[in-house]
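What follows is a walk through the strands and pockets of one protein model. Keep the sequence and the coordinates open while reading.

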Amino acid sequence: MAEPVVRIPDAKVALSTASVYPESTATAFEIAARLGYDGVEVMVWNDPVSQDIEALRRLSDYHRMPILAVHAPCLLITQRVWSTDPWTKLQRARVAAEKLGASAVVVHPPFRWQRQYARDFVQGIWRMADETDVRFAVENMYPWRYRDREMLAYAPDWDVTKDDYRHFTIDLSHAATSRTEAMDMVDRMGDRLGHVHLADGLGSNKDEHLVPGRGTQPCAELLERLALTGFDGHVVIEVNTRRAMSAAEREADLAEALAFTRLHLASALKVPRG
């Protein structure tokens, strides 16, 4: 006879500080601690605290919330954060991760107009990865669309599985926006999948970052596979709560996302009885 046994992987569930926007980085630490997240991923952006290693260390210590990952400033709105040179941004992200005890740096592929950076990106990421124990996990993106027009905004490609990286980040909201079969992309990433941004989407032209379970993406299926395969990276809740009408509503969304994630990371297995 066999009984179902629950296997829970070593993966920790973190809250991205982007999930509380337009609230502050400090607010994200407070909410993550109150709701019982395992840690946070710091999105480095225009909030000065997100750029300050010592301020982040104090927040981490005060709330007893480990910083598990650092998201390098790769967005359009962060073009001047930590220098205008993209390699300097990544070097500073690596230093921040090392000093804060984070095990991953999340990075987007370059914009197409960053021609020199894009030309050297794949080899440059390998060089940086060889210099540290921190994982440089390159994240899948999507084409930009407006009505019936599509622009390929990223180079070498928004589909990062077309290039050779040591570690990948899968973002399910980005998969929805690119209209990619997310689990096929996960298959292509294979054992180089090192980091997960968990959010849902409906496949619209906009990157939605819905609470898991509110869209069409295989959020539950992915989490169950991570449990079965012993995934040892981090699962980061990165959702959009900008439309929340109150702090209580935002916190309820983040609590729901955490509950969904923990539920599906606990995967039932059939194992022989001893």
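Predicted model: local features only at pLDDT ≥ 70, side-chain atom pairs only at ≥ 80, totals over all residues.

Sorted by class, the lining of the second largest pocket holds 10 nonpolar, five polar and one charged residues.

The largest pocket has a volume of about 1,200 Å³. Its lining consists of 37 residues, and the closest to the centre are Tyr142, Asp207, His209, Asn240 and Arg242. Among the contributors to the lining of the largest pocket are strand 7 (144-146) and helix 8 (247-265), each of which supplies at least two residues. The class count for the lining of the largest pocket is 17 nonpolar, nine polar and 11 charged residues.

Strand 3 spans residues 39-43, and because five of its five residues are buried, it is largely enclosed by the rest of the structure. In a regular strand, side chains alternate between the two faces of the sheet. On one side of strand 3 are Gly39, Glu41 and Met43, on the other Val40 and Val42, and all of these are buried, which leaves both faces covered.

Strand 3 has pairing partners in strand 2 and strand 4. With strand 2 (residues 12-16), strand 3 pairs in the parallel sense over three bridges. One point of reference in this pairing is Ser16, whose bridge partner in strand 3 is Glu41. With strand 4 (residues 67-71), the pairing of strand 3 is again parallel and runs over four bridges; here Val40 stands opposite Ile67.

Another right-handed β-α-β unit consists of strand 3, helix 2 (residues 53-63) and strand 4.

Strand 2 and strand 11 run parallel and are joined by four bridges. Lys12 has His234 as its bridge partner in strand 11. Strand 11 covers residues 234-237, with His234 and Val236 pointing one way and Val235 and Ile237 the other, and all are buried.

Strand 11 also pairs with strand 10 (residues 193-198), in the parallel sense and over four bridges. In this pairing, His197 stands opposite Val236. The path from strand 10 through helix 7 (residues 219-229) to strand 11 makes a right-handed β-α-β unit.

A last stop is Arg166, in the loop between strand 8 (149-151) and strand 9 (167-171). Is Arg166 buried, exposed or partly exposed? Arg166 counts as partly exposed because its relative accessibility is 29%, and that class lies between the buried limit of under 20% and the exposed limit of over 50%. Apart from neighbours within four places in sequence, Arg166 is in contact with Trp126, Ala129, Asp130 and Arg192. Between Arg166 and Glu251 there are 85 residues of separation in sequence and 35 Å in space, C-alpha to C-alpha.

Conventions:
Residues numbered from 1 in each chain as written. Heavy atoms only, no water. 1 Å grid on protein atoms, 1.4 Å probe; cavity = no way out; pocket = protein on both sides within 12 Å on 5 of 7 lines; lining within 4 Å. Points joined across faces, edges and corners; volume = space filled by probe spheres on them. Nonpolar A, V, L, I, M, F, W, Y, C, P; charged D, E, K, R; others polar. Buried < 20%, exposed > 50% of the residue type's maximum accessible area, 1.4 Å probe, protein only. Pairing = 2+ DSSP bridges. Right-handed = clockwise from strand over helix to strand, strands pointing away. Contact = heavy atoms within 4.5 Å.
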